[in-house]
Amino acid sequence: MRLATLLIALLLGLLPVTAAKDYQYRHIGMEDHLMSNTIRNIVQDKYGYMWFGTDNGLYRYDGTRTTMWRVAENEVNQYVSALLSTDEGIWVGMEQGVFLLSFQHMKFERMPINIHSVVTSLTLDKDQRLWISTSEQGVWCLQTDSRQSTHYAFNETNGFASQVFVDNTNQVWVLSNHTGMPVSRLNRLHNTFEQVVFNYGGQYTSLRMLQTRDGRLWLGSTTRSEE
């Protein structure tokens with residue numbers, strides 16, 4: 001009994017330390033010159049700046065104030081749907097294409113890809129190739145040095161891809177919220193994406209993938225009940 005009492009006392013003694021921990025925060029919104037309170041993406045560049053992709057523009061936050069970076073050729077539509085920070089600059093996915101805001105020139109460069117649907121994700125593989133997924137036009141792979149690109153239509157999913165994911169072995173995966181091909185993997189020999197079949201009885205779609213430090217892949221999905 002005395003041992004149990006002592007254990008309870010020790011645990012209670014730890015509670016105030018945990019409960020007393022306070023988190024400092026600052027709200028950044030339209031009062032800080034953002035044109036939208038809807039933040040779709042947040043990345044940090046190699047210099048420490050924070051970049052926010054919003055429904056109405058790209059913003060850089062330096063710890064004190066925000067600065068808007070406008071893609072002039074897109075006119076009024078400044079919806080930023082995807083962001084990626086690399087050593088070269090900030091890659092920006094929009095409804096009218098993919099742009100690079102290079103650190104060297106601090107100007108937007110449009111990539112020579114005919115994108116006219118929402119860019120859902122941007123990621124870089126170990127060969128410095130940029131992978132782009134879209135909501136209606138499948139997936140592109142862009143050589144960041146030559147700007148040459150390869151298109152994968154994904155007709156099986158009506159062109160929808162929710163994410164391109166590159167794992168720690170440089171394997172490329174594509175996820176879709178379409179039951180016809182929810183998860184696919186790049187076959188480098190034939191340069192095609194092939195469906196990955198899991199031992200799962202129900203229907204599902206896939207939205208996001210993550211790899212933990214132990215090498216396991218985690219799949220976020222939506223399960224659909226059969227009628």
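## Basis

The model is predicted, so that local features need pLDDT of at least 70 and side-chain atom pairs count only at pLDDT 80 or more, while totals for chains, interfaces and linings use all residues. Residues are numbered from 1 along each chain as its sequence is written, and side-chain values use heavy atoms, with hydrogens and water left out.

## The chain

The protein chain holds one helix and 18 strands, taken as DSSP runs numbered from the N terminus (helices H or I, at least four residues; strands E, at least two). Of its 227 residues, 42% count as buried, meaning under 20% relative accessible area with a 1.4 Å probe, protein chains only.

Four strands, in the order 5-6-7-8, form an open sheet with antiparallel pairing, where two strands pair if DSSP finds at least two bridges between them. Strand 5 (80–85) and strand 8 stand at the edges, and because each has a single partner strand, one side of each is left without a neighbour in the sheet.

Strand 7 (residues 97–102) pairs with strand 8 in the antiparallel sense over three bridges, and Phe 99 stands opposite Arg 110 in strand 8.

## Ser 117

The loop between strand 8 (108–110) and strand 9 (119–124) contains Ser 117, which counts as buried because its relative accessibility is 4%. Leaving aside neighbours within four places in sequence, Ser 117 is in contact (heavy atoms within 4.5 Å) with Met 94, Glu 95, Thr 134, Ser 135, Glu 136 and Gln 137.

Key
Buried means under 20% relative accessible area, exposed over 50%, partly exposed in between (1.4 Å probe, protein chains only).
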